[in-house]
Amino acid sequence: MELYKGKYPISNHSEYVIDYVCDNVSGENYYQLVRLKDDAILCSYKSVISVKLYCWDIGIQKQKVAFI
């Protein structure tokens with residue numbers, strides 16, 4: 001078990017995380033897919049289902065994705 005950003009436990013096999021973001025300034029909430037090796041944000045959607053579909057479309061296996 002590893003920690004993402006020093007707070008969130010994720011599997012040692014995870015290569016990506018789906019992170020929930022709450023923007024207090026704009027009031028917008030969304031989910032983003034982050035690649036762990038370089039902290040790149042690959043996509044951002046208001047729906048977690050849209051993020052999952054994006055993973056499926058580009059061939060990311062669900063075993064490699066952690067939810068935080």
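How many positive and how many negative side chains does the chain have, and how far apart do the centres of the two sets lie? There are 8 positive and 8 negative side chains, and the two centres lie 4 Å apart. Keep in mind as you look around that this is a predicted model.

## The overall picture

Let's start with the fold. If you'd like dimensions, the C-alpha trace spans about 35 × 30 × 20 Å along its principal axes.

What about inside and outside? Buried residues make up 26% of the 68 residues. The chain exposes about 4,800 Å², and carbon and sulfur atoms supply 51% of that area. As for who touches whom, take the contacts with a separation of 6 or more: 29% of them join residues 24 or more positions apart.

## The nonpolar cores

Which residues form the largest nonpolar core? It has 8 members: Tyr16, Ile18, Leu33, Cys43, Val51, Cys55, Ile60 and Val65. Two elements give two or more residues to this core, namely strand 3 (16–22) and helix 1 (48–58). Val65 is a handy one to click on. Not counting residues up to four places away in sequence, Val65 touches Ser14, Tyr16, Ile18, Cys55 and Ile60.

There's also a second, separate core of 5 residues, and among them are Ile10, Val17, Val34 and Ala66.

## Four residues to look up

| Residue | Relative accessibility | Class |
|---|---|---|
| Gln32 | 11% | buried |
| Asp23 | 30% | partly exposed |
| Glu2 | 37% | partly exposed |
| Val25 | 81% | exposed |

Is Gln32 buried or exposed? Gln32 counts as buried because its relative accessible area of 11% is under the 20% cut-off. You'll find Gln32 in strand 4, which covers residues 29–35. Leaving aside neighbours within four places in sequence, Gln32 is in contact with Val17, Ile18, Asp19, Val21, Ile41, Cys43 and Ser44.

Now for Val25, which sits in the loop between strand 3 and strand 4. At 81%, Val25 is over the 50% cut-off, so it counts as exposed. The C-alpha atoms of Val25 and Asp38 are separated by 26 Å, although the two residues are 13 residues apart along the chain.

Asp23 is found in the loop between strand 3 and strand 4 too. With 30% relative accessibility, Asp23 falls between the two cut-offs and therefore counts as partly exposed. Once neighbours within four places in sequence are set aside, Asp23 is in contact with Glu28 and Asn29.

Last, go to Glu2, in strand 1 (residues 2–4). Glu2 is partly exposed, at 37% relative accessibility. Which residues does Glu2 touch, not counting those up to four places away in sequence? They are Tyr8, Pro9, Ile10 and Asn12. As for Asn12, it is 10 residues from Glu2 along the chain, and the C-alpha atoms of the two are separated by 5.8 Å.

Methods
Residues are numbered from 1 along each chain as its sequence is written. This is a predicted model: local features need pLDDT of at least 70, side-chain atom pairs count only at pLDDT 80 or more; totals for chains, interfaces and linings use all residues. Side-chain values use heavy atoms; hydrogens and water are left out. Buried means under 20% relative accessible area, exposed over 50%, partly exposed in between (1.4 Å probe, protein chains only). Contact means heavy atoms within 4.5 Å. Accessible areas come from the Shrake-Rupley method with a 1.4 Å probe; for residues, only the protein chains shown count as cover. Lys and Arg count as positive and Asp and Glu as negative; His and the chain ends are not counted. The place of a charge is taken as NZ of Lys, CZ of Arg, CG of Asp or CD of Glu. Helices (H or I, at least four residues) and strands (E, at least two) are DSSP runs, numbered from the N terminus. A nonpolar core is a set of buried Ala, Val, Leu, Ile, Met, Phe, Trp, Tyr and Cys residues joined through side-chain atoms within 4.5 Å.
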